[in-house]
Amino acid sequence: MKQLPEKFLSRMEAMLGEEFPAFLQSYDFPRKFGLRVNTNKISVEEFLKISPFHLEPIPWIDNGFFYDENDRPSRHPYYFAGLYYLQEPSAMTPANRFSVNPGEYVLDLCAAPGGKATELGAKLQGNGFLVANDISNSRAKALLRNLELFGIKNSMVTNETPAKLAKYFPEFFDKILVDAPCSGEGMFRKDPDVAKTWDETRPEFFGKLQREIATQAISMLKPGGELLYSTCTFSPIENEGLISFILENFPEIELLTLDDYEGFTKGCPDWGNKDTRLKKCIRIFPHHMEGEGHFLALMKKNGCSVSSRITPTTKPDKTSKKLLDEFFKNMSQPLDFNRIDIRNENVYYLPEADTASLKGIKFLRNGLFLGELKKNRFEPSQPFAMSLQMEDFHNIVNLSSSDERAMRYLKGETLILSEAEAPQKGWHLVCTDGFPLGWGKIVGTTLKNKYPAGWRLHY
Ligand SMILES: C[S@@+](CC[C@H](N)C(=O)[O-])C[C@H]1O[C@@H](n2cnc3c(N)ncnc32)[C@H](O)[C@@H]1O
């Protein structure tokens, strides 16, 4: 059995009573690996037709599958086409159970590295606005990369404290996910190092932090909006205790019922302030289902909804417009020039939301980075390629995922094409089995590789 902190075990024994032996035994079972299909790019049915992996449905997640670790899906071209995210199965639950609809304004307040933000973004299907925030700059960079890989274009990645964000977004969002920093007790099996750094003061420390974060989140939620709070820990103070704090201090907040699954366990009122409404929370225990420990609570802010909608942004000048037109004539869908924003030669496609008043906020990205204006030309970006469907661009090089050139492209190599594959010169969208991987430029029958250095494979 894995080495687990004694004080953690004695508290769990007191919490679980006769279930404790089964809970302990679950640490002898291997962890499960999960793959979640990016429905922003492909339907589950279509993905299953082309998937080369051994997959088994995760029964409580409609687009989630257990995979066999030996299949190594992180090394397949489809991973680089952003067709899926690899995520521990329980960790898929909060974004899965959160009803997010196209057109809504959504905040993921503690979002890095993006396991849940990628799913929330996929649910928006290109309509609405996702703000994905993390307080850590290095983690926010990983978050940006994952959202780019997923092709989420209507998003903003910020690197702020919740208090600062709250100043900019009062009662702004329809949906807010707080996947809170926590003592991580649910991750001891998946990641034994978390157990090594745990001590009994951690739940108290995180409980205080979570109360601050939740308070700011509630202030950013529109009346009528919904808040989903989740952790990957078992400690009462960070779960039912935190929800008790919210119910006691924010009378406008109501607890809602989450879509059930037979393996879920109801929240326990005795682990909070004894309010029976706490039964609406969900606990995931590893001895009841094939996933690590988690906690979820869905809440609604009562009151009337106010609108906070769109205003136009700055427009490109004549020269830039000409260069952009030159490139975008190869797109099947015209761009909305009202949403183009140019900063220091960098061209962005802004989300359909009023972000004009956000001066002073620290963000890594606002909207989709389309590319750079160079002297006499426009160079498209990698995130732009990832946001496209193959049909969106006229000039295509489509390589089979079993063609060794697909992996060579991902390593940054120049490729030689047949004449039939290279009827046109210039910018081409390089795809694998119809899914964009990045850009290349054809000269004769040579494909110059434009896959960015920082994205390339090194094995
Ligand atoms: C549980 S992790 C989030 C995981 C992420 N939602 C996912 O699914 O990939 C919690 C995150 O909260 C961030 N964090 C820590 N303190 C914070 C604070 N005071 N405000 C906002 N975020 C914070 C951490 O940097 C960390 O990335």
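**Entry 1: the ligand shell**

I began with the residues around the ligand and sorted them by class: 11 are nonpolar, 4 polar and 4 charged. The model is predicted, and I read everything below with that in mind. The shell holds 19 residues. I noted the closest ones as Cys-110, Gly-115, Lys-116, Asp-179 and Pro-181.

**Entry 2: the annotated site**

Next I checked the UniProt record. Its unreviewed entry gives a "binding site" at Cys-110, Ala-111, Ala-112, Pro-113, Gly-114, Gly-115, Lys-116, Asp-134 and Asp-179. These positions spread over 70 residues of sequence, yet they cluster in space. I found 12.6 Å as the largest C-alpha distance among them.

**Entry 3: Gly-115**

I located Gly-115 in the loop that runs between β5 (105-108) and α6 (117-124). Is Gly-115 buried or exposed? I counted 22 other C-beta atoms within 10 Å, so Gly-115 is buried; the cut-off is 20 or more. Setting aside residues up to four places away in sequence, I see Gly-115 touching Tyr-85, Gln-87 and Ala-91.

**Entry 4: Asp-179**

I placed Asp-179 in strand β8, which covers residues 173-179. Asp-179 counts as buried because it has 23 C-beta neighbours inside 10 Å. Which residues is Asp-179 in contact with, leaving aside neighbours within four places in sequence? I list Pro-94, Cys-110, Lys-116 and Ser-230.

**Entry 5: helix α11**

I turned to helix α11, residues 240-249. Its buried residues are Glu-240, Leu-242, Ile-243, Ser-244 and Ile-246. What do the buried residues of α11 pack against? I traced them to helix α10 (202-220) and to the strands β9 (221-231), β10 (253-256) and β13 (294-301).

**Entry 6: the two domains**

Last, I looked at the chain as a whole. The chain is divided into domain 1 (6-301) and domain 2 (393-459). I noted 36 Å between their C-alpha centres. Domain 1 puts 7 residues into the contact, and domain 2 puts in 9 residues. On the domain 1 side, helix α4 (residues 77-80) gives the most, with 3 residues. I sorted that side by class too: 6 nonpolar, no polar and 1 charged.

How values were computed
Residues are numbered from 1 along each chain as its sequence is written. This is a predicted model: local features need pLDDT of at least 70, side-chain atom pairs count only at pLDDT 80 or more; totals for chains, interfaces and linings use all residues. UniProt positions are given in the numbering used here, feature names are shortened, and annotations may be inferred rather than shown by experiment. Helices (H or I, at least four residues) and strands (E, at least two) are DSSP runs, numbered from the N terminus. A residue is buried if 20 or more other C-beta atoms lie within 10 Å of its own, exposed if 12 or fewer, and partly exposed in between; C-beta atoms are placed from the backbone. Two residues are in contact if their C-beta atoms, placed from the backbone, lie within 7 Å. A residue is near a molecule or strand if its C-beta atom, placed from the backbone, lies within 6 Å of it. Ala, Val, Leu, Ile, Met, Phe, Trp, Tyr, Cys and Pro count as nonpolar, Asp, Glu, Lys and Arg as charged, and the others, Gly among them, as polar. Domain bounds come from an automatic or database domain assignment.
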